[in-house]
Amino acid sequence: MASPAKFRIDVAIHDLLMSSAPTPPQPAAAMGEVLPTPVFPQYPEKLTDPGPETPPEKRKWGLKKIHRTARGWLVPYIRSRVQRGDFHPITSYLFVDYKCNLDCWYCWAFDNQVKGMTEDVAKRSIDWLHDSGCRVLALMGGEPLLRPDIAHKIVYYAAKKGFWIYLATNGRLLRPEVTDRLGDAGVAVFNFALDAWDVKPGLPKAVIPAQKNLEYVLRKQYVYDYMVFFNINICRNNMEDVRKITEYAREQRVATDYHINETPMLEQDEHFKHMHDNPTYIRPEDWRAVDELVDWIIAKNKAGYQMVNSVQRLQEIKAFVRMAAPEDVKRYGWFGDGTSSNGDVSHLLSGMHGIERSADGELQFKEWSCRAGENNVIIRPDGTVGPCFPMYGATYDWGNIDAPKLDAAAMREMKKTCQRHCFSTLNHNLAYCYNDQRVIKWLWQQAKNGFQGGARSFED
């Protein structure tokens with residue numbers, strides 16, 4: 001089989017992002033600010049409440065939770081529609097640490113040589129986002145719980161400023177005492193990254209080693225009023241695990257969010273060690289199995305399982321794995337086993353409304369009006385900024401929290417190319433909601449249900 005490409009994006013835009021800047025982005029200057037010391041416990045009665053032994057059949061969201069969610073998402077969205085200017089962030093990624101306690105072989109989103117974010121940069125980042133109208137803050141890594149005290153301070157400070165806070169974690173370091181501190185401080189969502197039931201080659205993010213922590217988090221969500229998601233990356237060596245985790249999520253009444261394993265958008269430096277001979281990368285001979293798994297997930301979605309992904313978005317996974325390997329499609333056919341050519345596959349693309357063929361006949365995403373850098377922003381540990389998660393490694397100078405240079409016109413030109421290679425669920429959802437009719441319809445559906453629908457795709 002052919003070796004995976006070093007990057008997926010077109011060469012010209014790759015060169016622009018990685019080698020055109022005369023000087024690299026400059027870190028934010030140190031100002032000496034510190035985060036306030038959290039009061040803990042703020043709610044001592046919740047600290048001693050163990051939560052239910054079994055999850056309730058249906059979760060009831062109170063007015064306080066509905067208000068917090070609306071303040072985090074709806075109000076900034078409306079503000080972005082009525083205020084002038086191009087930069088109105090709704091979602092933001094704060095990379096608290098770029099180090100990680102695990103080594104997932106597909107993951108380029110960590111580097112253990114990078115120093116963690118200081119309190120000074122964290123506080124000023126939150127203040128900058130707040131002043132820009134943003135109210136959704138995702139704590140990212142690496143692993144953002146390598147320094148739990150810093151994470152606690154960030155959640156406490158951001159929650160006091162009205163942020164809806166999302167924390168992504170592999171769960172190994174989310175001990176019960178850490179869960180209590182973050183829940184008490186005001187975290188809104190824990191997103192557990194789980195790729196396997198137990199550790200397997202290249203996939204250490206597994207249920208079994210994190211299960212004790214996970215079970216505590218699941219019980220205490222009904223005490224602290226946060227939500228739990230399972231974030232699952234579909235790889236060539238975990239397809240049965242994906243099914244098992246999906247059923248476990250159903251039993252626990254929590255939502256799932258699916259991704260398809262990808263090679264990096266941009267070329268990585270020497271810290272990314274697992275480009276070749278990687279057991280997690282999907283190969284042509286796996287395409288039929290991926291199709292079958294996706295069809296199984298879609299059936300569960302239609303049966304009422306809580307999922308962040310829409311049916312349409314899940315269906316597009318089938319095309320995306322082929323888009324990432326057009327030469328393999330030509331060589332091995334649509335199914336990767338030589339039994340089908342790359343001829344007319346229109347019947348297989350039914351429902352994939354975002355897919356088209358390029359002038360040379362290859363599959364690609366249609367223009368989908370990516371909002372990265374306008375309604376979404378990342379902040380690296382040193383305070384430099386960028387438009388989106390896949391562009392973390394770019395050396396292009398988008399400025400920092402003190403002097404951002406997120407030029408909307410330049411980014412729109414860049415997106416004409418890069419969005420045709422991107423499968424970002426978040427940014428697709430952001431783009432989808434910048435249509436007034438869709439938003440009004442969705443809000444009406446939620447209102448009819450008393451805003452009790454739980455976690456579902458924006459498109460459903």
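Five bridges tie strand 4 (residues 189–193) to strand 5 (residues 227–234), and the two run parallel. Strands here are DSSP E runs of at least two residues, helices are H or I runs of at least four, and both are numbered from the N terminus. Within this pair, phenylalanine 190 sits opposite valine 228 of strand 5.

A word on the model: it is predicted, with local features needing pLDDT of at least 70 and side-chain atom pairs pLDDT 80 or more, while totals for chains, interfaces and linings use all residues. Residues are numbered from 1 along each chain as its sequence is written, and side-chain values use heavy atoms, leaving out hydrogens and water.

Eight strands make up an open sheet, ordered 6-5-4-3-2-1-9-10, with mixed pairing; two strands pair if DSSP finds at least two bridges between them. Its edges, each pairing on one side only, are strand 6 (255–260) and strand 10 (385–386).

Now to the helices. The axes of helix 7 and helix 8 come within 12 Å and cross at roughly 25°; axes are lines fitted to C-alpha atoms, for helices over the stretch in contact, and angles run from 0 to 180 degrees between N-to-C directions. The two helices are therefore roughly parallel to each other, a term for angles under 35 degrees. Here are the residues in contact (heavy atoms within 4.5 Å):

| Helix | Range | Contact residues |
|---|---|---|
| Helix 7 | residues 207–224 | Val207, Gln211, Leu214, Glu215, Leu218, Tyr222 |
| Helix 8 | residues 239–252 | Ile245, Tyr248, Gln252 |

Notes:
Parallel < 35°, antiparallel > 145°, perpendicular 65-115°, else oblique.
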